[in-house]
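Q: Hey, can you walk me through this structure? I'd like to ask things as I go.

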Amino acid sequence: MHERAAEFSEGVHERYGIDVDVLEFDAGTKTAAAAADAVGCDAAAIASTIVVSLADEGNGGGLGAAITSGANRIDLDAVADHFDASAAAMADPDRIRETIGWSIGGVPPLSHDATIPTVFDPTLTEYDTVYAAAGTPSALFAIDPRRLADLADATVIDLTE
């Protein structure tokens, strides 16, 4: 298992007391379509974690996360409104890595170095199982979407286009 995927698995076990089965794919899972092809599910069952930069949030700006269905596009204006920020934009990859400890393409929805506010796409709850990144662009793990939202301390709200 890739070192970062193993770190993710161990971190989830230590922090949340659960074991996840990390699936790795040689072809990679960088996009929702690629991930869906790899595991044989609908793109809508892929839980993509998108980290955004929030302008003028209470502390002068911060990060937020949106766990969205791979079939949907995030509405950044709605995200900004939800977090009472004047604007939201895709976060800088270096800032993501420095703040939450993961690199884009493999950002998992759980086990971040820092706690950031998180929202959750209700489309994911239409599935019994969803698949999310497990720390690398070629690793996924399966989880019940309601359990995922709970573990991520996420607010379930539609913030997609």
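Q: What kinds of residues make up the lining of the largest cavity, by nonpolar, polar and charged?
A: The lining divides into 6 nonpolar, 2 polar and 1 charged. Ala, Val, Leu, Ile, Met, Phe, Trp, Tyr, Cys and Pro count as nonpolar, Asp, Glu, Lys and Arg as charged, and the others, Gly among them, as polar.

Q: Which residues line the largest cavity?
A: Among them are Ala66, Ile67, Phe120, Asp121 and Leu159. Strand β3 (62-69) gives the most, with 3 residues.

Q: And what volume does the largest cavity have?
A: About 40 Å³. A cavity here is a set of points on a 1 Å grid over the protein atoms alone where a 1.4 Å probe fits but cannot get out, and lining residues have an atom within 4 Å of a point. The volume is the space filled by probe spheres set on those points, which are joined across faces, edges and corners.

Q: Before we go on, what sort of model is this?
A: It's a predicted model, where local features need pLDDT of at least 70, side-chain atom pairs count only at pLDDT 80 or more, and totals for chains, interfaces and linings use all residues. Residues are numbered from 1 along each chain as its sequence is written, and side-chain values use heavy atoms, with hydrogens and water left out.

Q: New topic: how many salt bridges are there?
A: The whole structure has 4. A salt bridge means a side-chain nitrogen of Lys or Arg within 4 Å of a carboxyl oxygen of Asp or Glu.

Q: What does Arg4 pair with?
A: With Glu7, and their closest N and O atoms are 2.5 Å apart. Helices are DSSP runs of H or I with at least four residues, strands are runs of E with at least two, and both are numbered from the N terminus.

Q: Where do Glu161 and Arg73 sit?
A: Their side chains meet in a salt bridge at 3.4 Å, N to O. Glu161 lies in the segment after β8 (155-156) and Arg73 in the loop between β3 and α3 (76-82), so the pair ties together parts 88 residues apart in sequence.

Q: Are Glu161 and Arg73 buried or exposed?
A: Both are exposed, meaning over 50% relative accessible area, while buried is under 20% and partly exposed is in between (1.4 Å probe, protein chains only).

Q: How about strand β7, how many of its residues are buried?
A: In β7 (residues 139-143), 4 of its 5 residues are buried.

Key: 1 Å grid on protein atoms, 1.4 Å probe; cavity = no way out; pocket = protein on both sides within 12 Å on 5 of 7 lines; lining within 4 Å.
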